[in-house]
Amino acid sequence: MSDLTTLTLSEARDGLAAGDFTSEELTTAYLRALETIRPLNAFVTETPERAVEMAKTSDARRAAGQAGVLEGLPVAIKDLFCTRGVQTTAGSRILDGFVPPYEATVTANMWAEGAIMLGKTNMDEFAMGSSNVTSCHGPVENPWRINGDNRSLAPGGSSGGSAASVAARAALAATGTDTGGSIRQPAAFCGIVGMKPTYGRCSRWGIVAFASSLDQAGPMARTVRDSAIMLQAMAGHDPKDSTSVPRDVPDYEAALTGDLRSLRIGIPEEYRMDGMPTEIEALWRQGIDWLKAEGAEVVDISLPHTKYALPTYYIVAPAEASSNLARYDGVRFGLRNGADGGDLTEMYEETRGFGFGQEVRRRVLIGTYVLSAGYYDAYYLKAQRVRSLIARDFSDAFETVDAILTPTTPSAAFPLGDKMDDPIAMYLNDVFTVPASLAGLPAISVPAGLDKNGLPLGLHLITNAFEEEMLFRVSGVLENAAAFATTPQTVA
């Protein structure tokens, strides 16, 4: 029997269905792999006993002819999803020791479809970061290395633990959340597929909130097909979430037809930025040629308000974070600092000052400022108006094109700890992913090549709202054309 951890999720699914191995054997192989990648710090909580028990139950269900979409498949869960009976910290000291008595809807959907939980993955604190160094559990290391240089690299953020675990072959797939690019950017840095669904496609209930009008759960996997299978199990209407959209979930895997004939792919001129690395520009041109060769028509389009997306995002998201994080006050749950019976205000200050890391404190302060009297109209309301213009640009574009192709990130993975002294440089990592987030559109990053240092680079596709089938259709063809098969040096 070949090493089970080399199989993709779809291959493992087919192997289980054929009886080539059991879920317990597959899960045991991944638990061993999980042990070998501990130096990457990708997991904050491992659940081996629970995983084996779930695998045994899954094998019994399969024997009874009751296999679900993810039956018997071991996956990792970002530590932002509340999991009943398993600690959920959101990467923050302020939630250290918090064990939810309930299950997030997305993970509940996955368990109902037979998935196996390997553990909870590390992440930037409250999903605030682009390099996975703001976690109270310490930074995650990217399994990739620069050729001839063994320095640790950032895996991207905030879903860096999920991306690293999938890239390092320690999970078949993982859940992530994307607020401004937190699935797609780490996927590009780690050489895997990361997909953000339309806002409202997956329930947010039971996911620790960062920015409520932007947060969206999505799959992180090794292939486009694996992502489609994952989303099939994750998505669905949830009456507990007022932003969850009551729409049927299509068969996403069936959308992978490989046919791009009659499709029009838009290339936004605003994404050609001064100072863009030549390797990113060359890969983008290569992606255009790949799609043309498969029968798509490529046309130039304009998204004129794209240049305002990043400043708009860094007003809207901190404002919503300021409101959402007000609940962490040391009174009801989580950390409490300050002597009992002392001054209440002092207890608030000590709890939040110690419990929140530097980046979270920075964003809460920014958000509180832009929502304050005298600045609300000048900053927050203006940002919301610009956000509407950005969404309208996309709507206009999708009247003439079926999908939009851009780079995913402005660079490959950088050394761990770089850019930490310059928050603006760190925020620029999201320059290509934020516009789709502000518009609530589905988008995906597909590994498409290597830079001169041997690090993965991704190409980014966006489609209209609830056009995930189109997104998978185009990205599947792009993936086949790129034929990206390189594994991280720490795996090979």
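This briefing walks through the core, a cavity, one glycine and some aromatic pairs of the structure above. The model is a predicted one. Its largest nonpolar core holds 152 residues, and a search of the whole structure turns up 14 aromatic pairs. There is also one cavity of 30 Å³ or more.

**The nonpolar core**

- Met110, Phe126 and Leu405 touch the most other members of the largest nonpolar core.
- Helix α9, which spans residues 309-324, gives the most to this core, with nine residues.

**The largest cavity**

- By type, the lining residues of the largest cavity divide into four nonpolar, six polar and two charged.

**Around Gly206**

- You will find Gly206 in the loop between β5 (193-196) and β6 (216-221).
- Gly206 has a relative accessible area of 13%, so it counts as buried, the cut-off being under 20%.
- Beyond its neighbours within four places in sequence, Gly206 is in contact with Leu80, Phe81, Cys82, Tyr102 and Ala104.
- From Gly206 to Leu26 the distance is 28 Å, C-alpha to C-alpha, and the two are 180 residues apart in sequence.

**Aromatic pairs**

- Among the 14 aromatic pairs, Tyr102 and Trp205 have ring centres 5.5 Å apart and planes at 55°, so this pair is tilted.
- Tyr102 sits in the loop between β2 (74-78) and α4 (105-112), and Trp205 in the loop between β5 and β6, so the pair links distant parts of the chain, 103 residues apart.
- Tyr102 is partly exposed at 30% relative accessibility, and Trp205 is partly exposed with a relative accessible area of 30%.
- The rings of Tyr271 and Phe432 have centres 5.7 Å apart and planes at 20°, so that pair is stacked.
- Tyr271 lies in the loop between β7 (264-268) and α8 (278-293), while Phe432 lies in the loop between α13 (423-427) and α14 (434-439), 161 residues apart.
- Both Tyr271 and Phe432 are buried.

Terms used: Residues numbered from 1 in each chain as written. Predicted model: local features only at pLDDT ≥ 70, side-chain atom pairs only at ≥ 80, totals over all residues. Heavy atoms only, no water. 1 Å grid on protein atoms, 1.4 Å probe; cavity = no way out; pocket = protein on both sides within 12 Å on 5 of 7 lines; lining within 4 Å. Points joined across faces, edges and corners; volume = space filled by probe spheres on them. Nonpolar A, V, L, I, M, F, W, Y, C, P; charged D, E, K, R; others polar. Core = buried A, V, L, I, M, F, W, Y, C linked by side-chain atoms within 4.5 Å. Buried < 20%, exposed > 50% of the residue type's maximum accessible area, 1.4 Å probe, protein only. Helix = DSSP H or I, 4+ residues; strand = E, 2+ residues; numbered from the N terminus. Contact = heavy atoms within 4.5 Å. Phe/Tyr/Trp six-rings, centres within 6.5 Å; stacked < 30°, edge-to-face > 60°.
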